[in-house]
Amino acid sequence: MKTCSLMTIVSIISLFFYYSTLTFAQHEGNVWMLGYEPFDIALPERAADTTRGSTDFNFNFDPVRIYRDSTRKLDMAGGNATLCDKEGHVIAYSNGQVIYGPGDEPIVDTINYDYGLADWYCRDWEYNNAQSDLPFAFPHAIPTGLLLFQRTLFLPIENKIYCIYTTLNYCTSKLYRIAFTILNINNGNVNFVKKDQLIKTDTSIFGSIVAVKHGNGRDWWLLNSSSQNSKLIVYGVTVDSIYKQTSISVDFENVVTSFAISNNGNYVAANVSITLSLNHLFLFKFDRCSGELTQIFDQRMGKMSQLGDGVEFSYDSKKLYVADVDNIWQYDLTSANIGASIKNVAKFDGTFYHSPGNDIEYSSYLSYLKLAPDGRIYTFPPTAVNRYIGQIDFPDEKGMACTVRQHAIYTSTRFTRTTPNIPNYRLGPLDGSSCDTLGLDNHPIAKYRYEPDSIDYKRIRFTDLSYFRPETWSWDFGDGSPKISQRSPYHSYGQNGTYKVCLTVSNENSTNTFCQDITIGPSAVDDDGSVHPADVTLFPNPVQDILLVTIGEYIPERGYIELYNISGQQVHQQRAYYGHNNVDMSGLAAGTYVLRFMDGSKMVKEEKVVKI
């Protein structure tokens, strides 16, 4: 009879632990929630709306599926964090004042409240004219979220979840503490443990908080700053505690208004607003084992807004982007002189959002930046009310090839500074490092997205989105052509058809393959003359002005979107492409329309659209 050695048992336990933690982490950040619909007397369109609703970005789909979820009860204005399970289903979300769970019911109905901060949610309080000692009476006055962004986030460790947040007094803009609430996961259910556990009290704490995985692949590092002492502070987060690890003195001059951590965890960027027309950019090297920060670059920049400066890294962690409301700048981190590598990749095009019910214009400036699971960086304006979101399609590319598209997406719900604060859950351990003590390894996961060339629809661009440290790439394009090892290639197909495209990634630990079918053009025709397959979604429906038509799983040869009224008359036609298509219906009369997505003379999809 054979027996297992202690080392073998430890290895088996470690392997089980690896798959139970890193597998869980694959889709934790795949849903973003936007939405800010305050009870505002000045906005008549809110008077009859008893639900707040939310615009959700669901990155479990490619292209990202965007839809309005009218069941959402919580506004996300500034403080904005979501957490999903390993399948990408939301299990918790918070605006820093309430934590909700599946079914949109509160897990914790009041967090981050202090009687000394009676203006905790002064906008709802004033509107509802509360007279009690407690201005907040859940659920009659629903909090709108902590002002500004990067104010709350979720950090899961084993079966525990930390919801971490800063506290802000709206009317005095005084930030005074950083604290957390503990939840646990039991058989898929998220339960409340205890709330408002203090990490630090400091009147100079600035509210932005960001986090990155510890080099052991399980724990976390939490970053925050103190403007009074000009320090960047690093806290360690384990399953048992949160503790101060280290800090670095930095000539911040003023408050840090935005942080970013690179996708590989090696860099930290901080943007500091000095005045309304000047900011200071800092770049640090970060040690995921010790938590130590080393400043490697800083540069003063002009034309910044205290509400609108954003920083973010590319998916491959080789580019740094800075937004200054009027511009987006790119730095090349592989350059020997990072400061000299700066390139302007976008200038604000002057687009404004016109709010229904009043004559106010809200600028769609180039401001907050957030890297998404699809490898794009999404841009959010800083103004109090907006519906436009932009995107950087290929942030790994140098210069203008990164392709900035301003106001690319128009949402059905208004939002304000609701940039999601979601750390990179797809970051594994530092294999072979001094902190690689848990026996975990990076087993790469293959993932990619694709889109056709704007001129030649049969020339497809593939963007690698693999994670857990892939070292080699192998592409099989499904058409009999030779396999290639380039990370993010182009491939031209000779004819229309459906092709099974597989990406295989490897490192010294293992190999993983991801395949999906790609259909190009109307080669497969059903008996009724329509084209199959296609994934076409409409958002929102009913629609007030802009209809977003998202086309996935099918690349049209010559696509068109057509609208017909109830009399069968065509009232609108425009070209349609793979991905997101904005259809302006603001000039059409209220009523029911038929939308047809055509590829040449073949109908791909037909849907009813209600215009209100």
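User: Which residues line the largest cavity?
Analyst: In this predicted model, the lining of the largest cavity consists of Ser364, Tyr365, Leu366, Thr379, Pro381, Tyr388, Ile389, Gly390, Gln406 and His407. A cavity here is a set of points, on a 1 Å grid over the protein atoms alone, where a 1.4 Å probe fits but cannot get out, and lining residues have an atom within 4 Å of a point.

User: How much space lies in there?
Analyst: The largest cavity holds about 60 Å³, a volume being the space filled by probe spheres set on the grid points, which are joined across faces, edges and corners.

User: And which strand gives the most to that lining?
Analyst: Strand 28 does, with three residues; strand 28 (386-392) and strand 29 (404-415) each supply at least two. Strands are DSSP runs of E with at least two residues, numbered from the N terminus.

User: Switching to strand 27, are its residues Ile377 and Thr379 buried or exposed?
Analyst: Ile377 and Thr379 are buried on one side of strand 27 (residues 377-380), and Tyr378 and Phe380 are buried on the other, so that both faces are covered; buried means under 20% relative accessible area and exposed over 50%, with partly exposed in between (1.4 Å probe, protein chains only). In a regular strand the side chains alternate between the two faces of the sheet.

User: What joins strand 27 to strand 26?
Analyst: Four bridges join strand 27 to strand 26 (residues 368-371), and the two run antiparallel; strands count as paired if DSSP finds at least two bridges between them. Lysine 370 stands opposite tyrosine 378, and the hairpin that the two strands form has five residues between them, with glycine 375 in the turn at a positive phi of about 85°.

User: What about strand 28?
Analyst: Strand 28 is also antiparallel to strand 27, through three bridges, and isoleucine 392 in strand 28 is the bridge partner of isoleucine 377.

Technical notes:
Residues numbered from 1 in each chain as written. Predicted model: local features only at pLDDT ≥ 70, side-chain atom pairs only at ≥ 80, totals over all residues. Heavy atoms only, no water. 1 Å grid on protein atoms, 1.4 Å probe; cavity = no way out; pocket = protein on both sides within 12 Å on 5 of 7 lines; lining within 4 Å.
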